[in-house]
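Subject: Structure handover

Hello,

Here is the structure you were expecting. My notes on what was found in it follow.

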Amino acid sequence: MSNKVLLEATQLSRYFGGKAAVDDVSFSVNQGEVVGFLGPNGAGKSTTMRMLTGNLAPDYGEITINGIDLLDKPGLAKAQIGYLPETPPLYKELTVTEFLRFCARLNQIESRQQQTAVDTAMARCGLTEVAHRLIANLSKGFQQRVGIAQAIIHSPSVVILDEPTSGLDPIQIREIRQLIREIADEHSVILSTHILPEVQMLCDRVQIISQGQLLFNDTIDQLSLQMQAHTLLVEFEQPLAADFLKQVEGVSSVETINLQRHRLHYRPDNNPTQALLSRAVSDNWRLTTLMPERRSLEEVFMKIIQKEEADV
Ligand code: ADP
């Protein structure tokens, strides 16, 4: 992944009836990066996507795609973007080839190169064998592949996918995720979703939006750090009083689950594991379980969102 910035959004805002759907949101996407755009329903994801793809004008802010200002030069900038809206824009009475040829023309690919562009997009999306079938007769998973094919047909720098796996069955979801991973080899991808594990599986970076505001913008690794709960679950063969555990260096508090099971809380910079192990051995505490606990992504997500709601 390089550090070349392919998409930059600066202080984007959009109001509907006086209410901010997107409120002063800034971020950038680098070459080769997959960015997950995460948020509850009504958070402002689609509104942001529509602005990034030039389908909705922001009230404030700037967007540049590969250095081209989207508001000043929409034609040139849009040529650098591929977009799959939540409801794929498919003409179902056409065959896959007919539809993709139409998309190639819409994207102003030179006529000599249209067939090559169609063939390449079909090959990349696993559509070659259904090239001559009517889109209406394809399964939802295959229709979604056609949606992705139309988004990449003009080799855009940035591909924007809005809820690409919604409404698919588990097998189709796996296939579409695999396809997105392959697409990410050649394009930067912005992916909006409300499915948390999808972000973990596919994305390098996560942006969490809630009530129009960007609350988190960091790598998956940083998000994983937040998943560390800074608690240890300990269990002993025989009852052990919490007071003994409180004396262990680094333990800030002890939650007693039952006489043999306790949860130890500690500060992130002072992990008591080593001290606890030494003490357990020297005092013959008969430690049987020592387990660092983790918060689920869902808990971290809720914490980030609720913090903001509590601050409002
Ligand atoms: P998400 O995609 O995260 O579910 P949206 O961007 O669709 O969220 O919506 C953000 C907010 O903006 C919501 O409160 C929604 O009701 C409002 N909104 C979106 N589009 C319109 C519109 N065309 N007219 C009025 N309100 C809108």
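Contact here means that heavy atoms lie within 4.5 Å. On that basis, and leaving aside its neighbours within four places in sequence, alanine 280 is in contact with Trp285 and Leu287. Please keep in mind that this is a predicted model.

Alanine 280 sits in helix α10. Buried is used for a relative accessible area under 20%, and alanine 280 is buried because its value is 7%.

The ligand

Which residues surround the ligand? They are Phe16, Lys19, Ala21, Pro40, Asn41, Gly42, Ala43, Gly44, Lys45, Ser46 and Thr47. By type, this shell divides into four nonpolar, five polar and two charged residues.

From the side chain of threonine 47, an N or O atom is 2.5 Å from an oxygen atom of the ligand. For glycine 42, a backbone N or O atom lies 2.7 Å from a ligand oxygen. With glycine 44, a polar backbone atom is 3.0 Å from an oxygen atom of the ligand. The ligand taken alone exposes 570 Å², of which the protein buries 58%. Two or more residues of the shell come from each of β2 (19-30) and α1 (45-52). Helix α1 gives the most, with three residues.

Histidine 187

Histidine 187 is placed in the loop between α6 (170-183) and β8 (188-193). Is this residue buried or exposed? Histidine 187 counts as buried, because its relative accessibility is 3%. Its side chain and that of arginine 124 are joined by a polar contact of 3.1 Å. Not counting residues up to four places away in sequence, histidine 187 touches Arg124 as well as Gly32, Ile152, Ser155, Pro156, Ser157 and Val159.

Helix α5

One of those partners, Ile152, is also among the buried residues of α5. Eleven of the 13 residues are buried, so α5 is largely enclosed by the rest of the structure. The buried residues are Gly141, Gln143, Gln144, Arg145, Val146, Gly147, Ile148, Ala149, Gln150, Ala151 and Ile152. Their cover includes the strands β6 (81-84) and β7 (158-162), together with the helices α3 (96-106), α4 (111-124) and α6.

Two backbone angles to check

Most residues other than glycine have a negative phi. Glutamine 108 has a positive phi, near 55°, although it is not a glycine. Glutamine 108 lies in the loop between α3 and α4 and is exposed, with a relative accessible area of 73%. Arginine 286 also has a positive phi, near 55°. The loop that holds arginine 286 runs between α10 (273-282) and β14 (287-294). Arginine 286 is partly exposed, at 40% relative accessible area.

Regards

Technical notes:
Residues numbered from 1 in each chain as written. Predicted model: local features only at pLDDT ≥ 70, side-chain atom pairs only at ≥ 80, totals over all residues. Heavy atoms only, no water. Helix = DSSP H or I, 4+ residues; strand = E, 2+ residues; numbered from the N terminus. Buried < 20%, exposed > 50% of the residue type's maximum accessible area, 1.4 Å probe, protein only. Polar contact = N/O pair within 3.5 Å; in protein donor to acceptor, adjacent residues only side chain to side chain. Near = heavy atom within 4 Å. Areas by Shrake-Rupley, 256 points an atom, 1.4 Å probe, with all protein chains shown as cover. Nonpolar A, V, L, I, M, F, W, Y, C, P; charged D, E, K, R; others polar.
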